[in-house]
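The points are grouped by topic.

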Amino acid sequence: MTVAPATAATPRSAIYAGRVMHHRLRPFRQRFTYRVWTLFVALDELAELDRRLRLMSVQRPNLISLYAQDHGARDGSRLEPWVRAELTTRGIDPGDGRIFMLAFPRLLGFVFNPLTVYFAYDRDQQLVALLYEVKNTFGGQHVYGFRVDGAEGRLAHGCAKDFYVSPFIPMDAAYAFNVLPPGDRISVVINERAEGEPQLIASLTADRRELQDANLARALLAHGLLTARVVAGIHVQALKLWWRGAKFHAPSSYPRPVVAGNTAKRGNDDR
């Protein structure tokens, strides 16, 4: 695949290809990784991408497709106003620059995104806010938002868990996010603590590729059943946890209210 040179300060639509890793730490260790590719697209560029690309379409069927109703308000409305409104509701200024979405597309009409990340930039192409859209396999969705402050480098921020995701992790939990913003590479690492103890580490690490038909074709050939594999993997791992005796937590307390005004601090560790 052709690598698309870029820096975190000059974002543009692309493909990111890499690995997802999940490592459960309690009550026993269970780890798995799989290769993925994901889209990183500017929300104001969707119509242009629909015209330019043959293998990917927006709001219409294709081998690869993006539909607004898979995200945001889930009613097919435009995503950019929704992202700005969600951040503003949380007391976060989304800036007046471009907003990008990192998400799996539909492949042959099927998709499941456990985590969609929106990156909001100002006019100077500086990252000013992050929005995490979390989905569970029960049809639910929840949003966490953070403003971005500070110098260049990785972002570190955290919050209490407000949304039921896994039946094998209690609601008494918290997330610590560590993010390398999109550039030649991207990294999103989530450390979850439950009942005061380290519980789970989940990560996406990936390299940037040009968003063009040749690279989309290569991604399809290498991972044509990607989104189906994601869902199958989630259920296979859940079955293994159940078989090994992991405690089941019923979804009786989700979602809880969101705490507004979280801030993402930057550091200088780019490992």
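The model is a predicted one.

- H2 spans residues 79-89, and its buried residues are Leu79, Glu80, Trp82, Val83, Arg84 and Leu87.
- Just after the helix, Gly91 has a positive phi of about 75 degrees.
- Ala73 sits in the loop between strand S4 (64-66) and H2.
- Ala73 counts as partly exposed because its relative accessibility is 40%, and partly exposed covers the range between the buried limit of 20% and the exposed limit of 50%.
- Ala73 and Gln141 are 68 residues apart along the chain, and their C-alpha atoms are separated by 9.6 Å.

**The second largest pocket**

- The second largest pocket holds about 200 Å³ of space.
- It is lined by 16 residues, of which Leu43, Leu46, Ala68, Arg78 and Leu79 are the closest to its centre.
- H2 gives the largest share of this lining, with 3 residues.
- By type, the lining of the second largest pocket consists of 9 nonpolar, 4 polar and 3 charged residues.

**The three-stranded sheet**

- An open sheet of 3 strands runs in the order S3-S4-S6, and its pairing is mixed.
- Strand S3 (56-58) and strand S6 (106-107) stand at the edges with a single partner strand each, so one side of each has no neighbour in the sheet.
- S3 and S4 run parallel and are joined by 3 bridges.
- Ser65 in S4 is the bridge partner of Ser57.

- Strand S12 covers residues 185-194 and is mostly covered, with 7 of its 10 residues buried.
- Strand S11 (residues 173-180) pairs with S12 in the antiparallel sense over 8 bridges, and a hairpin of 4 residues links the two.
- In this pairing, Tyr175 stands opposite Glu192 in S12.
- S12 also pairs with strand S13 (residues 197-210), again in the antiparallel sense, over 10 bridges.
- Ile186 stands opposite Ala206 in S13.
- The hairpin formed by S12 and S13 has 2 residues between the strands, and Glu195 in the turn has a positive phi of about 55 degrees.

Notes
Residues numbered from 1 in each chain as written. Predicted model: local features only at pLDDT ≥ 70, side-chain atom pairs only at ≥ 80, totals over all residues. Heavy atoms only, no water. Buried < 20%, exposed > 50% of the residue type's maximum accessible area, 1.4 Å probe, protein only. 1 Å grid on protein atoms, 1.4 Å probe; cavity = no way out; pocket = protein on both sides within 12 Å on 5 of 7 lines; lining within 4 Å. Points joined across faces, edges and corners; volume = space filled by probe spheres on them. Nonpolar A, V, L, I, M, F, W, Y, C, P; charged D, E, K, R; others polar. Pairing = 2+ DSSP bridges.
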